[in-house]
Amino acid sequence: MVLVLFATLGHASENSYRLPNGTIPMHYILRLETAIDRNIFHYTGNVQISIFTLQPTYRIVLHSTHSKLRKVQLRDKNGQQVQVNGTKQEIDQQFLVIETATLLHPRNGMYTLEIDFTNSVDREEFNGFYKTSYQSTDGAVRYIGATHFAPIYARSAFPCFDEPHLKATFELHISCGLKYHVRSNTPARTVKLLPGGKQMYSFTTTPRMQTYLLAWLISDFVSERKPLDGSRITVATWGKPPSAHLLSHSLNVSVRYLRIMEDYFAERYSLPKIDNVAIPQQNKSWWDAMENWGLVTYQENAILFDPRTEGMEKRRNMVKLIAHEYTHQFFGNLLASAWWNYLWLKEGFARFYSYYLGDIVSNLLRITGDCRWPPVSNNVLRFQSYPEHNLRKRFITEVFYRELLLDSKANVPPMTYYVEKPKDIQNLYGHVAYAKAACVIRMMHYALGERIFHKGIRHYIQQNKRQGIVTENDLFDSLELAAKQADALPKHLTVHEVFRTWSHQAGYPVVTVRRDGDQYYLTQRRLGEQESVNSSWWIPITFSTANNATYATLPGFWMAPNVSVVSYTIPTAPQEVVVFNPRSTGFYRVAYDPATMRAIIHQLTNNRTAIVPTARARLIDDAFHLAHTREANFGTVLELLHYLRHEDDILPWTIAYENLRYLQSMLRTSEKASRLLQSFVEVIVTPLVSRYDVRQHSNGTSIEELQTIAIELENGGSNASQSILNITTQHANSTLNETAGCFFQLQSKELHRLIVGSKTSTRVLLESIKNALSQHPRYVCLCPRTIDQTLTQVLPAVNLLIVHPFLKF
């Protein structure tokens, strides 16, 4: 079955950057000799690859960079040598070409390619097989070896067939010093002592997987671990010895999410262990984490957590990140994209579910020894993830809102976008594959109905997990089956038709709405599109009124592409307003005709609760963006914002804040315009200030976020409100002179606020904080080095915020 799949994938052209697919890997045996614990950074390796030929050929083509080849051998199924005429490197394609003296033929069965090589972990970039280091408690520098192979860096560690559809099994053997140990995707099968103070770790064979998921860690790290379901799975977090006390929270999050995902996807995690590894890095790399099957790696500051000194925002970010990487164990690892143009099939789902599953209640089988799956026992418990973080609501501000901004650019690619060159593959790891795909997946999730979409996703996993390689059509087929069974789509419409208008077109539509009594006339076009281009989508149109939310998430109708005007009747009273896309489930903007917009503003002014908070936020954001693109005027925007005097929900305020801060930055060169804008901002913010005491610390809650918005908006102009500055200064002084320990609860943005409010230099204020901490009873036990390290970590972020105050961390 696997060979048939490879045969259907076709063959690369002569000048292609893709492997020609004449030979495919089935199994790797990789042996590495390392001495990183002795500060020796070169290593020797031997890889044996069992390959199968799909067509007669004199050439074996695979990938290799960085490795220096020492010996290349080829053997047939009987172990007899096959003569190798020579090897050559094709630098641009990163190919290693091996030419044989005799014809390799499919009827001859399996061949074994064996390559001896040398390489080094001493590289500047944090990818491939690389070294990094940490400082021990005695001040010594300890080096460790780690891997990061996604998307195309396995080839830099050892010769391999480094394409995502070429799944194979791996058997790994790695030596290291006696004071170090090795972790990999699977558990160690044996540990054998070697001469010279070394040991060899041999690991159980992996499932069939992509080369970029292979991983190992050579270190002296320590761990905290928990068994799951008796001893079926062991979950652990690993970190450097000085961080042993910071591992618990990530472990608890991991156990909770693994349980929830197995239940939600009706699929058991397929390995007997999963490790989180906190990797120390001296310089910021381009990646935050990597979903290696069974050995997930993170930048250490992302998952090390100290509840004494770190607050809700750090906790929330950790929850999202672990959820993202654990979703990949199913979407990306179990189900691999056939090529990089389907990167969104794993990254989009990981981004969506990292928010959606953060607020879910699961039915989990109690530990009864019943191993059937899905669970058939009635003996279940209800298990909730992290509802206190409001992640589904935060998706709107953290993903949806920002992606509408980014995807409005003229040169953005579509979700499904074919590339071959290494640099182009790397560039696919951007906002489209992650955020836009998540927004479109979320839209389809609500458009089909949550229950129906869930059923389709479960079918998608079960239908494709055996071959483990998918394209977008596999997803569409499963969703189509679930949708048709429940009549979730009009008879003439298919999921393929709908989804492809979103995955194969760049950008997104703006839907223009004109009302005439109960009749609504809608048109669509791509936002910012030139008249000569004709983009068009199948759009799920949702709407609600104060008294009817039937179609708030499920579409009232589907707006067809390439239709000039769609007319739809919505029975409404004369003074009643209809708001479209009220829950921000559809990935589009809405532009209302002037009369309808005035009616909406009137409704907000008189009774804002008649329109739900998500719709209020959507109205603000769409009005701002359309004004920026000159498709509306800022007078309407200011009229709309006036209702914020009575607003107390975080969602509309967050959207207003982001847009107002941008507007403040754009007007800074005009003193008059800036002053007028600031006067308006103070009018709408002052009631918020009076409702919430900005001196009160609320540990990451929505109240604290409203406090932050009030302070920063009031301080946004050149002549900011002195009352807010005075309050901020008092807050800064009390932090320094009275409580001091509050410092460790502050994020870099909050420190920036203190610096602005105290009217002193960054270094003077941080030095004051340092002195206060060193004298405070709670922290008197901290050594000066610990305080210095903390301040050193914070200072660059604060300075960056001062230079770029709108940058989000």
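**Working chat: buried residues, strands and rings**

Biologist: Is Cys 439 buried or exposed?
Modeller: Cys 439 counts as buried, because its relative accessibility is 0%. Buried means under 20% relative accessible area, exposed means over 50%, and partly exposed lies in between, with a 1.4 Å probe and protein chains only.

Biologist: What kind of model is this, and how are residues numbered?
Modeller: This is a predicted model, in which local features need pLDDT of at least 70 and side-chain atom pairs count only at pLDDT 80 or more, while totals for chains, interfaces and linings use all residues. Residues are numbered from 1 along each chain as its sequence is written, and side-chain values use heavy atoms, leaving out hydrogens and water.

Biologist: Back to cysteines: what about Cys 160, and how many disulfides are there?
Modeller: Cys 160 is buried as well, with a relative accessible area of 0%. The count of disulfides (pairs of cysteine sulfur atoms within 2.5 Å) comes to 0.

Biologist: Which residue carries the "active site" annotation?
Modeller: The unreviewed UniProt entry places it on Glu 325. UniProt positions are given in the numbering used here, feature names are shortened, and annotations may be inferred rather than shown by experiment.

Biologist: Where does Glu 325 lie, and what does it touch?
Modeller: Glu 325 is in helix H4, residues 312-328. Helices (H or I, at least four residues) and strands (E, at least two) are DSSP runs numbered from the N terminus. Glu 325 is buried at 4% relative accessibility. Leaving aside residues up to four places away in sequence, its contacts (heavy atoms within 4.5 Å) are Ala 289, Met 290, Glu 291, Val 296 and Tyr 298.

Biologist: What does Leu 295 touch?
Modeller: With residues up to four places away in sequence again not counted, its contacts include Met 290, Trp 216 and Leu 217. Leu 295 belongs to strand E19, residues 295-299, and is buried with a relative accessible area of 0%. Leu 217 is 78 residues away along the chain, yet the two C-alpha atoms are separated by 8.7 Å.

Biologist: Another topic: which way do the side chains of strand E25 point?
Modeller: They alternate along residues 519-526.

Biologist: Which strands does E25 pair with?
Modeller: Strands pair if DSSP finds at least two bridges between them. E25 pairs antiparallel with E24 (residues 509-516) over 8 bridges, and antiparallel with E29 (residues 566-569) through 4 bridges. Leu 522 stands opposite Val 513 and has Val 566 as its bridge partner in E29. E24 and E25 form a hairpin with 2 residues between them, and Gly 517 in the turn has a positive phi of about 70°.

Biologist: How many aromatic pairs are there?
Modeller: The whole structure holds 42. Rings of Phe, Tyr and Trp (its six-membered ring) pair if their centres lie within 6.5 Å; planes under 30 degrees apart count as stacked, over 60 as edge-to-face and the rest as tilted. Phe 543 and Tyr 568 are a tilted pair, because their centres are 5.9 Å apart and their planes are at 55°. This pair links distant parts of the chain, with Phe 543 in strand E27 (residues 543-544) and Tyr 568 in E29, 25 residues apart.
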